[in-house]
Amino acid sequence: MANWGWIDFSREDRDLAREIIASLDEPGAVDELGIGMVRDAFADRFFPGTSTIQTRAKYFFLVAYQLKDLMRNPGKDPAGVLAKREAEVSLAIWKADKTAEGVFGRTIFPHQPSGWVKRPPSEIYWNGIKKLGLIQVGNPNLSLGEFLQLLQGAHSTSELSGEEWDDAGAAGNVSFCHWQLPEDWSHWDRPESLSIELTHSEASFLCQQIINRFPGTLFAQLVRNRERLPEDFEHIAEEELSGELKREWRLARDFSLFLKPAQCRFNCLLQNQDALARWPSLEPRLAELAAAVELEELFALLALPVGPRLSSLSCFLSNLKRVYIQNKPGALDELLRARERSLKGTRAKTLNPNPDYRNNWVGGDGLTYRFPDAKRLIDDIVAAEVRVHA
């Protein structure tokens, strides 16, 4: 198992580190070849505000509503109040529909009704809520922990000064944020309203926020064309994309296709049976895929942070392209082994063969750039629109 650490600069840094670590538990997120910085940079451009660990669009609103309510009465321990309320809300939603997908705690509640998840919705959706403009704060890097600390500090001040704490008081004392929510948001916690499904007003609101806040992105484009969503990233309708967006999508698609033989060959080194069966069909395409990928243009577009990590990745990808063109599987194997060992050291899988790898694919198979996660959110919007017209 990998060991992680980070320099503790701020709560924002800790929140980001936790999100990165948690995202590695998602299927296909294992980054054995160290290309995550390119994957994530494209994902942030295409689908801002999203994450691989977001489950349903409704939680953008559920979290925002609970935080807005919390400002009315944060108490002496806003973080504790929020944690208790989040668990209660998810439990109520689960009880109303135990078959609903994406409800936090749905795998825990049947065995432990009082149990709760290690990472609550507020921690996972906070960044998206800010980016979508549901809450607007003076400091865009304000972490959820800092938000709760400000609430706690404002409440303590009001107690000392004898001021009444209500919504108006909160707005005056806690002037660091502005809310933008659907007009009917105040009825969200009525028993008959608690659901993991978006209301029609929430779906319309979310559509407009995505289009207005992220103009020119693939996210906004897909929302506009939400009635005909493609099944995967590679099959997005190229003719429906604008010039610059089309260029970015092509660079990302070609990079994903370029990586597929390397990811397959890496699994061949682990004696994965599926990879060994697929390799003969990929090998003849190596030169074609190498010719299509534009590494220099890709790096210029993404403007990744300069440093040893970027230099190492750039060198690896250039060598990978060269080996593809030469069509030398032996050299490819050595390159992949060396790359993984430079990243993982003695934990490298190629150094520690495991019989489980024969039937279990390691790492990705191309890149999706969070498309499945964004699609899941858009599907929730479409479902709300379908229900109102049914």
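**Exercise 1. Are Trp 126 and Phe 147 buried or exposed?**

Start with the ground rules. This is a predicted model, in which local features need pLDDT of at least 70, side-chain atom pairs count only at pLDDT 80 or more, and totals for chains, interfaces and linings use all residues. Residues are numbered from 1 along each chain as its sequence is written, and side-chain values use heavy atoms, with hydrogens and water left out.

Step 1. Set the cut-offs: buried means under 20% relative accessible area, exposed over 50%, partly exposed in between (1.4 Å probe, protein chains only).
Step 2. Apply them: Trp 126 and Phe 147 are both buried.

**Exercise 2. Describe the ring pair of Phe 47 and Phe 371.**

Step 1. Define a pair: rings of Phe, Tyr and Trp (its six-membered ring) have centres within 6.5 Å; planes under 30 degrees apart are stacked, over 60 edge-to-face, the rest tilted.
Step 2. Count: the structure holds 22 aromatic pairs.
Step 3. Classify: Phe 47 and Phe 371 lie 6.4 Å centre to centre with 55° between the planes, a tilted pair.
Step 4. Locate the partners. Phe 47 is in the loop between helix H2 (36-46) and H3, while Phe 371 is in helix H16 (residues 371-389), 324 residues apart. Helices (H or I, at least four residues) and strands (E, at least two) are DSSP runs, numbered from the N terminus.
Step 5. Check burial: Phe 47 has 0% relative accessibility and counts as buried. Phe 371 is buried too, at 3%.

**Exercise 3. Classify the ring pair of Trp 126 and Phe 147, and place each residue.**

Step 1. The ring centres are 5.3 Å apart and the planes are at 50°, so the pair is tilted.
Step 2. Trp 126 belongs to helix H5 (residues 121-131) and Phe 147 to helix H6 (residues 144-161), 21 residues apart.

**Exercise 4. Which residues does Cys 177 touch, not counting residues up to four places away in sequence?**

Step 1. Find Cys 177: strand S2 (residues 177-179) holds it.
Step 2. Cys 177 has a relative accessible area of 17%, so it is buried.
Step 3. List the contacts (heavy atoms within 4.5 Å): Met 71, Ile 135, Gln 136, Val 137 and Phe 147.
Step 4. Take Gln 136: its C-alpha atom is 5.3 Å from that of Cys 177, though the two are 41 residues apart along the chain.

**Exercise 5. Why is helix H3 described as largely enclosed by the rest of the structure?**

Step 1. Helix H3 covers residues 58-72, 15 residues in total.
Step 2. Of these 15 residues, 13 are buried, so H3 is largely enclosed.

Note on methods:
Expected span 1.5 Å × (residues − 1).
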